[in-house]
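Hi everyone, thanks for making time.

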Amino acid sequence: MALSLFCLLLTLLFIQTMADTSCTDCFVQSRAAYYPNSEVNGTEVGACGFGSFGATINGGDVSAASDLYRNGVGCGACYQVRCTNSTYCSSNGVTVVITDQGSGDNTDFILSKRAFGGMAQTPDKATSLLALGVTDIEYKRVSCSYPNKNITVKIDESSSNPHFLAFVIWFQQGKRDITAVQLCETENFMCKLLDRSHGAIWTSSSPPNGALSLRMLFSDEEGEETWVVPVNNIPQNWMAGQTYDSGVQVDQ
């Protein structure tokens with residue numbers, strides 16, 4: 001009898017442990033607002049440094065985040081966000097991309113107006129939902145998806161070849177974070193670890209010479225890390241404001 005009870009307790013403990021470890025895929029309760037006096041899409045001056053791309057990426061379904069911003073590491077992450085008011089809200093909600101930092105009234109998300117209304121069941125109910133201004137939600141992280149798009153490097157306008165290089169990474173698929181970036185000279189493979197100046201902006205005050213090979217460290221929630229090396233290099237004559245296709249995509 002005692003042995004049977006012991007086995008039952010072990011089984012229950014195992015089930016609870018499995019439930020706890022699987023909760024990276026569970027919904028989290030929170031609240032969301034939307035950008036006041038905003039256009040339908042997001043802002044072009046978001047803290048992630050995406051510029052106009054940050055207002056229109058994902059069709060304009062974007063958001064500012066508070067704790068989920070994570071000092072810029074959270075930039076580009078995707079979340080399924082659904083409101084919990086059954087009168088107005090759909091069961092699927094909306095998938096948003098983090099492009100900015102911000103909070104208000106105990107919220108984890110400040111959505112674009114388009115994304116906030118996108119949580120509703122119908123356009124009429126979206127109007128009613130927007131009138132609330134703030135609503136209870138639940139959210140979870142999901143994979144970003146950009147069909148037919150490779151990871152792309154956008155050289156920031158503050159850059160000046162060859163003295164200073166700053167860039168942001170676009171079209172980051174999957175659920176992993178980019179936690180470190182290196183630039184390597186393609187001739188002698190000498191590499192330099194870059195600084196995250198703010199948001200998703202990576203900088204070097206003395207970039208390597210010649211064509212540059214990019215190395216990105218992708219990290220998941222379990223702590224596993226993988227270096228990814230793009231197929232294409234950043235050319236020697238890189239210029240501020242230009243974009244360069246890496247030739248690779250990371251789907252997980």
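This is a predicted model: local features need pLDDT of at least 70, side-chain atom pairs count only at pLDDT 80 or more; totals for chains, interfaces and linings use all residues.

Okay, cysteines. How many disulfides do we get? The count comes to 4. If you number the bonded cysteines along the chain, the pattern reads 1-2, 3-6, 4-5, 7-8.

Let's take cysteine 48 and cysteine 75, which are joined with an S to S distance of 2.1 Å. Cysteine 48 sits in the loop between strand 1 (28-34) and helix 2 (53-56), and cysteine 75 in the loop between strand 2 (62-65) and strand 3 (78-83), so this bond ties together parts that are 27 residues apart in sequence. The link between cysteine 48 and cysteine 75 is left-handed, at -90° about the S-S bond. And are these two cysteines buried or exposed? Both cysteine 48 and cysteine 75 are buried.

Next, cysteine 78 and cysteine 144. Their sulfur atoms are 2.0 Å apart, and they form a disulfide. This pair links distant parts of the chain, 66 residues apart: cysteine 78 is in strand 3, while cysteine 144 is in the loop between strand 6 (134-142) and strand 7 (152-155). What's the handedness of the disulfide of cysteine 78 and cysteine 144? The torsion about the S-S bond is about 115°, so this disulfide is right-handed. On burial, cysteine 78 has a relative accessible area of 3%, so it counts as buried. Cysteine 144 comes out at 4%, so that end is buried too.

Then there's cysteine 83 with cysteine 89, again a disulfide, with S to S at 2.0 Å. The torsion about the S-S bond here is about -120°, so this one is left-handed. Cysteine 83 and cysteine 89 are both buried.

Cysteine 26, by the way, has 30% relative accessibility, so it counts as partly exposed. The cut-offs behind that call are under 20% for buried and over 50% for exposed.

On to helix 4, which covers residues 123-132. Which residues of helix 4 are buried? They are Ala126, Leu129 and Leu130. Those residues cover an arc of only 100° around the axis, so they sit on the same side of helix 4. Asp124, Thr127 and Ala131 are exposed, on the face turned away from that buried side. So what covers the buried residues of helix 4? The cover includes strand 1, strand 3, helix 3 (113-118) and strand 6. And just after helix 4 you'll find glycine 133, with a positive phi of about 80°.

A quick word on annotation. The UniProt record, an unreviewed entry, puts "domain: Expansin-like EG45" on residues 45-149. In the model, that span is 19% helix and 29% strand, with its end C-alpha atoms 23 Å apart.

In what order do its 4 strands run? The order is 10-9-13-14, with antiparallel pairing. Strand 10 (191-193) and strand 14 (225-228) are at the edges with a single partner strand each, so one side of each has no neighbour in the sheet. On average, neighbouring strands in this sheet are turned by 25° against each other, ignoring direction. Strand 9 (residues 177-185) pairs with strand 10 antiparallel, over 3 bridges. And within that pairing, cysteine 184 has cysteine 191 as its bridge partner in strand 10.

That's my tour; over to you.

Methods. Residues are numbered from 1 along each chain as its sequence is written. Side-chain values use heavy atoms; hydrogens and water are left out. A disulfide is a pair of cysteine sulfur atoms within 2.5 Å. Helices (H or I, at least four residues) and strands (E, at least two) are DSSP runs, numbered from the N terminus. Buried means under 20% relative accessible area, exposed over 50%, partly exposed in between (1.4 Å probe, protein chains only). The arc is that of the directions from the helix axis to the C-beta atoms. Contact means heavy atoms within 4.5 Å. UniProt positions are given in the numbering used here, feature names are shortened, and annotations may be inferred rather than shown by experiment. Two strands pair if DSSP finds at least two bridges between them. Axes are lines fitted to C-alpha atoms, for helices over the stretch in contact, and angles run from 0 to 180 degrees between N-to-C directions.
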